[in-house]
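Hello,

Here is the structure I promised to hand over. Please open it first, and then read on for what turned up when I went through it.

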Amino acid sequence: MKNIKKYISITFVAVIALATMVSCEDEDKFRFPPDLGNGGFVRFVDFPEFKAGADPLTANFSAVTEASNNNVTSYDLRVRGFFDGATVDTISFGSTTTFPFDVSFTGQDMADLFGVDIATFAANDQFKFFGSAVRNDGTVYDGESSSCDECPENPQSVEDTGSTGTWNGGNTADPIYDSGDNEYLLQAYRFTVKFSDPN
């Protein structure tokens with residue numbers, strides 16, 4: 001019995017000594033999660049209607065963006081057209097160093113931007129937008145060069161393809177949102193506006 005008490009006492013002393021040594025270690029080595037910073041996140045102020053109307057003559061997309069973390073020094077928006085005769089290149093839609101930033105347009109605005117007659121456009125033509133933001137420390141967040149697995153070759157809205165894809169390691173719809181409780185993320189880095197009837 002004496003030996004059992006002796007072993008229990010030795011074990012108790014060893015545990016106390018080990019706990020003391022571990023608690024003396026530099027606590028900063030074991031921080032989890034590591035210190036995180038706010039990303040340069042540009043979002044829509046309100047959830048816009050991404051179907052601008054089926055008739056390009058009367059089509060209208062209305063949306064405003066904001067930098068929700070107040071740490072974006074510049075935001076650039078490029079667009080690629082998916083219409084008869086469109087090139088595969090993206091062109092500059094606009095840029096800003098202040099927010100909120102209006103990204104609204106009409107069918108005529110897009111005809112002027114692409115240098116075509118508005119009669120070139122037809123119902124179901126699309127415009128895929130790619131945003132790029134620079135955070136105040138110089139970090140760039142770019143929707144055009146982001147990796148997207150299992151996404152359609154020609155970017156289209158989810159309702160057309162039935163596939164959301166995986167963007168930068170996270171599942172995403174176009175636009176990204178959480179439909180569970182209607183709280184929308186509203187990212188303004190990759191989105192598609194289509195000449196189609198919102199009804």
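**Aromatic pairs**

There are 22 aromatic pairs in this structure, which is a predicted model.

A pair of aromatic rings is described by how far apart the centres are and by the angle of the planes. For Phe41 and Tyr189, the centres are 6.4 Å apart and the planes stand at 45 degrees, a tilted pair. Phe41 sits in the loop between α1 (2-23) and β1 (42-44), while Tyr189 belongs to the loop between β12 (170-171) and β13 (190-194), so this pair ties together parts that are 148 residues apart in sequence. Tyr189 has a relative accessible area of 6%, so it counts as buried.

The second pair is Phe105 with Phe127, and it is edge-to-face, with 6.3 Å from centre to centre and 75 degrees between the planes. Phe105 comes from strand β7 (residues 105-106) and Phe127 from strand β8 (residues 126-135), so parts that are 22 residues apart in sequence are tied together here. Both Phe105 and Phe127 are buried.

**Helix α2 and what covers it**

Which residues of helix α2 (residues 107-114) are buried? They are Gly107, Met110, Ala111 and Phe114. These residues span an arc of only 105 degrees around the axis, so they lie on the same side of α2. The cover over the buried residues of α2 includes β4 (72-82), β5, β7 and β8. Just after α2 comes Gly115, with a positive phi of about 70 degrees.

**Gly94 in strand β5**

Strand β5 (residues 91-96) is also where you will find Gly94. Is Gly94 buried or exposed? Its relative accessibility is 16%, and the cut-off for buried is under 20%, so Gly94 counts as buried. Setting aside neighbours within four places in sequence, Gly94 is in contact with Tyr75, Asp76, Leu77 and Phe101. From Gly94 to Val79 the C-alpha to C-alpha distance is 9.4 Å, and the two are 15 residues apart in sequence.

The average pLDDT of the chain is 77, and 60% of the residues score at least 70. Over residues 152-183, pLDDT stays under 50. For that stretch the model has 58 contacts beyond four places in sequence.

I hope this helps you find your way around.

Best wishes

Note on methods:
Residues are numbered from 1 along each chain as its sequence is written. This is a predicted model: local features need pLDDT of at least 70, side-chain atom pairs count only at pLDDT 80 or more; totals for chains, interfaces and linings use all residues. Side-chain values use heavy atoms; hydrogens and water are left out. Rings of Phe, Tyr and Trp (its six-membered ring) pair if their centres lie within 6.5 Å; planes under 30 degrees apart count as stacked, over 60 as edge-to-face and the rest as tilted. Helices (H or I, at least four residues) and strands (E, at least two) are DSSP runs, numbered from the N terminus. Buried means under 20% relative accessible area, exposed over 50%, partly exposed in between (1.4 Å probe, protein chains only). Contact means heavy atoms within 4.5 Å. The arc is that of the directions from the helix axis to the C-beta atoms. pLDDT is the predictor's confidence in each residue, from 0 to 100.
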